Amino acid sequence: MNSIAIITKKKNKEEITREEIAFMVNGYLEGEIPDYQMSAFLMAIVCNGMTERETIDLTDVMIQSGETIDLSKIHGKVVDKHSTGGIGDKTTIVLAPLVASCGVKVAKMSGRGLGITGGTIDKLESISGFEVESTKEKFVEQVNKIGVAIMSQTGNVAPADKKIYALRDVTGTTESIPLIASSIMSKKIASGADAIVLDVKVGNGALMKNIEDARALADRMIVIGKHYHKPVKCVLTNMEEPLGYAVGNGIEVMECIDTLRGHGPTDLKELVLTLGSLMVSIAKDCSKEQAYHELEENLKNEKGYNKLKEMIAYQNGNIEDIEVDSFISIKSTNSGFISHINADQIGEIVKKLGAGRMHKEDTIDHGVGISLSVKVGDFVLENEELLKVYYDLQDVNIQEILDCFTFSQDAPKKTPLILEIVE
Ligand code: URA
């Protein structure tokens, strides 16, 4: 077998075998296939797709590339959650402790940023001292002791995905249904949860730009779940504007704390309650309404916030010390209703400020970001604050940021946040 022949086969839209997929993936993991050949292979998949069979084989090869975690030592049903990624998507940091505060065990492995979308692990690392690496034994021990852990893909879980994910981040190969489906599902299956709830983001600030693609991605992940006898539920959610107000690392963690203390943005709260009610109802075998009510209560009485504090302390972080730069306030040069906020462009700008990576080895700046002061549908007067830019050393192109906002004289029609639930 040789890699050029396999790349060429995919380029020519031919179906490739499990052995050929394994040759590429394992060869890349072992350093025998260089970045440039793997990038060409990934780009051929982005352009020509993969069949269901190829996607399941790719998922399986990535699972087999490392170890699987045995969560049977965790008492009770473990329900995992994952998002396909969006601008300002900080959901996990609110959701995981809130669900755990209802007595449901949450063993969550999260990723770093991908393309213009941020990653939970990068965000959590803005908390001083917070440790994201662990062994699988410590991971399981933590979940049993305090009910929740959010870690980076520990040691050796789907290491092929970890390496390929980092390459996709910097080679324009993020937006592909088989690559996203196999990346997410390999991690979820290898990390051993009993059931999986997926947040599939749709819109200009997401990897899936339209509802048809999002449905196709959801279907593909459900098919993979069935192959491994794991129930998968997908919530398709709107990502036309950033989720919440904050886009960056440290400022998103601050927004999560605010939300768990009952003051966060409405859209973030709605998403957390929707995903959380699915997770809690599966784990506790109760109705979604009952689960929703319990989650809402634990937002009000701050049980979710206390759980977050407990988790941060357990992972050696200091919640009082979160990296956030100083900010400048940007005022509107128009008056009218905000009819659109270009999430994709906001993501690009925040990444350029230093919140994301241009090269695999880049370190990121946790303190930078953009915090919106308005959402779509709000009315703004000229000279009112539109947003804050948090930055330290970089030059900021204010006009480029202002261009992300579209105004109208009539109130725009708002798209609902929760578009569909595919079970
Ligand atoms: N999240 C992942 O883990 N992988 C992807 O490809 C996209 C989002």
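## Basis

This is a predicted model, in which local features need pLDDT of at least 70, side-chain atom pairs count only at pLDDT 80 or more, and totals for chains, interfaces and linings use all residues. Residues are numbered from 1 along each chain as its sequence is written, and side-chain values use heavy atoms, with hydrogens and water left out.

## Sheet

An open sheet of 4 strands has the order S6-S9-S11-S7 with antiparallel pairing. Strands S6 (246–248) and S7 (327–331) are at the edges with a single partner strand each, so one side of each has no neighbour in the sheet. On average, neighbouring strands are turned by 15° against each other, direction ignored. Strands are DSSP runs of E of at least two residues, and helices are runs of H or I of at least four, numbered from the N terminus; two strands pair if DSSP finds at least two bridges between them.

S9 (residues 369–372) and S11 (residues 385–390) pair over 4 bridges. Val389 in S11 is the bridge partner of Ile370.

## Helices on the sheet

Helix H11 (residues 250–260) lies across S6, S9 and S11, at about 145° to S6. Helix H15 (residues 343–355) also touches S6, S9 and S11, and its direction makes about 140° with that of S9. Axes are lines fitted to C-alpha atoms, for helices over the stretch in contact (heavy atoms within 4.5 Å), and angles run from 0 to 180 degrees between N-to-C directions.

## Ser101

Ser101 is in the loop between helix H5 (91–100) and strand S2 (106–110).

Beyond neighbours within four places in sequence, Ser101 contacts Asn298, Lys303, Gly304 and Lys307.
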